[in-house]
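Let's take a tour of a protein, one piece at a time.

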Amino acid sequence: MLRFALFFTLGALAFHQLSWLPDWRWALLELLMMLGCILVWRGLSAAALLAGVAWSHTYALLTLPAFLPGEQPVVDVEASGRVVSLVERSEKVTRFLFEADQVDGLEAPLAGRWRLRLSWWDAPQINPGEAWRLPVRLRTAHGYATPGAWDYEGWLYWQGVRYTGYVNAQQTIQRISAADCCWLDRLRQRVSNAVDAASASAFARGVIRAISVGDRSGLTPEARELFRATGTSHLMAISGLHVGLLAGLGLSGVTWCWRRIPALCAWLPARLAGGVAGLVAAAAYAALAGMSLPTQRALIMLLVFATALLVRRANDQLHALAIALVAVLVWHPPSVIAAGLWLSFGAVAAILAAVTFDRTASGWRLAIRIQLAISLLLIPLLAIFGLPISRVAPLVNLLLVPLFGLIVVPLGLLGSLLVVSAPRIGDWLLGHLGTLIDWMADGLAWVGALPWSTTELSGLGVVDLLALLLALGLLVAPPGFPLRWMGIPLFATALFARAPQLSPGDFDIHLLDVGQGLSAVVQTRQHALVFDTGPEFRSGFSAAAAVVAPFLAQQGIHRIDRLVVSHGDKDHAGGLRPLARRIDVAQVQAGEPDRIELRSQRCIAGDNWQWDGVTFEYLHPPVRHRYAGNDSSCVLRISNAAGAVLLTGDIEQRIEGLLAESTPEKLRSHAVVAPHHGSGSSSSAEFVRATNPVYVLYAAGWANRYGFPALEVDLRWRAAGVIPLSTAGRGTIHLHYGGDGVVSGPHAFRDTARRFWWHNSGTAEQPLAVSSGD
């Protein structure tokens, strides 16, 4: 079974690396090849591999979200359907999943089934299960295609969501009927609303909602960052830990009570009764949490292990783990690319290794061993998925896991249910629990503020990861194993390894995909510069936290030597404070220091410096000027023996003309980031001639409302023989300028890392013909 599970998993993993989705003929061929391996060659490993590929392929075809006809990236329609999820409310915006069964406003009325993720500003009271007729603006789901960033597009795709959008409140909105379905979601919404009105702090209410009904919308960005920095984010996600702890409480409690009643034991063994009770408790908790994919995986794992226990196969735990892995992947093959699956199974494997290593250990010694085993064995997995590693996590989790399992989760669930049925008692209980959670938050804040609390292994190479695995193998080897002591220095060396450095004179530039905004990262051998931080939105979402900081971590950059904010507009400076909270910033310069949130120096034309043989020079604005807004943007030129890159901010044609007159020789570049995202107010013919680049790079959002880049601007660059590239359709764009005079690239992330669930760049073109009525 172990070998079958290994190769089945490898097959599923291989399929989900495809950049396009083959049709049914390929799936049939895979099935025939699998049968051939079984019947003719009797190759179990090859058959298991093909089984993983074939089933993943079949699942992808069966669950392909439906398209609307046409190829428009944005459409305005009227959608009729029901709210089918919890309603997430923030200060002004409401978000929910809407399952539409009718769409009007296209060429003809359409009937079918489309799952939409909608936002509604200043919305009325909305409840799960209600039927509405909503005027909506939809666009094909699109995520940030940047290394290290969360695959939002994939997350939506595997929930069956093809389109996102917002409700147009200026048009007629109709509530068709009250809620007559989705009773479980209605119950969860009642509980969530009641908890949110309890007399506890906002932080505590957000935690209680997260652990009771799986509603994490109450966790602020600051709270999420606190849990991330201390390695406790898993406590806020209802997955294997919470479900397993509640099942354990049900198992131990019912077993203890059952054994004290001999008549019951004669009718049914106590262990069987406890096992059933544990499974029922776990299933009820998972249902209250919304049966999300992590809870589904946890239930499957629990069911397999409980079955092994009940049939007295407890000693065969490794095979039970393999069966659980296959069962989870059969239920939902895309889980193979989710960090949660690997972290969950890795944690269980670590627990099994710690328990079987020395069966005589018990009590606090066993608890410490288990926590250390989990922390050590998960480090390679965290590094592979580009997740931060908290050095304080083993100690913090040693205290918080039992605290959550024995106190916070049980009392949170009890209080959440009581606050609906017995409000006074529930409010009293949640108020006291909230005090405990606030004390916990204060402790976490103190620990998270320690300068050495977290590290990033995202810059590690394959050799470093192999060294980590070898070190962990030596550390868990039995006493007397040769060279066992070498595990400690080998582990430390790999843990603090640095990412590969550039050669002297080299530099890399990455124009990040941050949507409708700008952020570029320039790396030399020993330095890093960030030019602009991307947008921040009214909802509190920041591209700096979601894209820029994860990218820097993925590149192994732990310090920004210079952060340049071209000017004060939100799409350039919005992420300044969130970025500064996540990474050390040595120096900040800006075109409009008075408009940004951090203390900064003004960028001045003529200022220049060298890093590792690479020259940086500001071309604008001058020392004394009266420019404001776009025309005050810092213009930065970066150059070496291979050529120059020009970062232009949002300057417009007036400044372009002044630069072309005053410093024409310094404008000539190999690549130019188009001024003002390719707006019609910039990229004059004079500026295009003066720069004469090989590439023009547009920092623009996909299907943005401004229509950037403007058609006339794009045609102007093309007419000059310049090759255009846009982050909107190509994702993050990377160019390498070698000190030896050789340029490598450009490399576009949507080309090099494309997955079949990403829509075709720039349009909503269908990868497969799917009827809207299917």
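Which residues are buried in helix 5? Keep in mind as you look that this is a predicted model.

## Helix 5 and its cover

The buried residues here are Asp-185, Arg-188, Gln-189, Val-191, Ser-192, Ala-194 and Val-195. An α-helix has 3.6 residues a turn, so residues three or four places apart point the same way. What sits over the buried residues of helix 5? Their cover includes strand 2 (88-89), helix 6, helix 10, helix 16 and helix 17.

As for its length, helix 5 is made of 14 residues and spans 20 Å from first C-alpha to last, close to the 20 Å expected at 1.5 Å a residue.

## The nonpolar cores

Now for the greasy part. The largest nonpolar core has 44 residues, and the members that touch the most others are Phe-227, Val-243, Tyr-285, Phe-404 and Ile-437. Helix 5 (183-196), helix 6 (202-213), helix 7 (221-229), helix 8 (240-259), helix 10 (270-288), helix 11 (293-310), helix 16 (393-421) and helix 17 (423-448) each give two or more residues to this core. Helix 16 supplies the largest share, with 8 residues.

Zoom in on Ile-437: leaving out residues up to four places away in sequence, Ile-437 touches Phe-203, Ala-204, Val-207, Ile-208 and Val-408. Apart from this core lies another one of 30 residues, including Leu-511, Leu-529, Trp-611 and Leu-697.

## One disulfide

How many disulfides does a search of the whole structure find? It turns up 1. The partners are Cys-603 and Cys-634, with their sulfur atoms 1.9 Å apart. The torsion about their S-S bond is about -85 degrees, so this disulfide is left-handed.

The pair ties together distant parts of the chain, 31 residues apart. Cys-603 sits in the loop between strand 17 (601-602) and strand 18 (608-611), while Cys-634 sits in the loop between strand 19 (614-620) and strand 20 (635-640). Both Cys-603 and Cys-634 are buried.

Here are two other cysteines to find. Cys-37 has a relative accessible area of 10%, which is under 20%, so Cys-37 counts as buried. Cys-265 comes out at 28%, so Cys-265 is partly exposed.

## Zooming out

Step back and look at the whole thing. The protein has 28 helices and 26 strands. Of its 774 residues, 51% count as buried.

Among contacts with a separation of 6 or more, 67% are between residues 24 or more positions apart.

Notes:
Residues are numbered from 1 along each chain as its sequence is written. This is a predicted model: local features need pLDDT of at least 70, side-chain atom pairs count only at pLDDT 80 or more; totals for chains, interfaces and linings use all residues. Side-chain values use heavy atoms; hydrogens and water are left out. A nonpolar core is a set of buried Ala, Val, Leu, Ile, Met, Phe, Trp, Tyr and Cys residues joined through side-chain atoms within 4.5 Å. Buried means under 20% relative accessible area, exposed over 50%, partly exposed in between (1.4 Å probe, protein chains only). Helices (H or I, at least four residues) and strands (E, at least two) are DSSP runs, numbered from the N terminus. Contact means heavy atoms within 4.5 Å. The expected span of a helix is 1.5 Å times one less than its number of residues. A disulfide is a pair of cysteine sulfur atoms within 2.5 Å.
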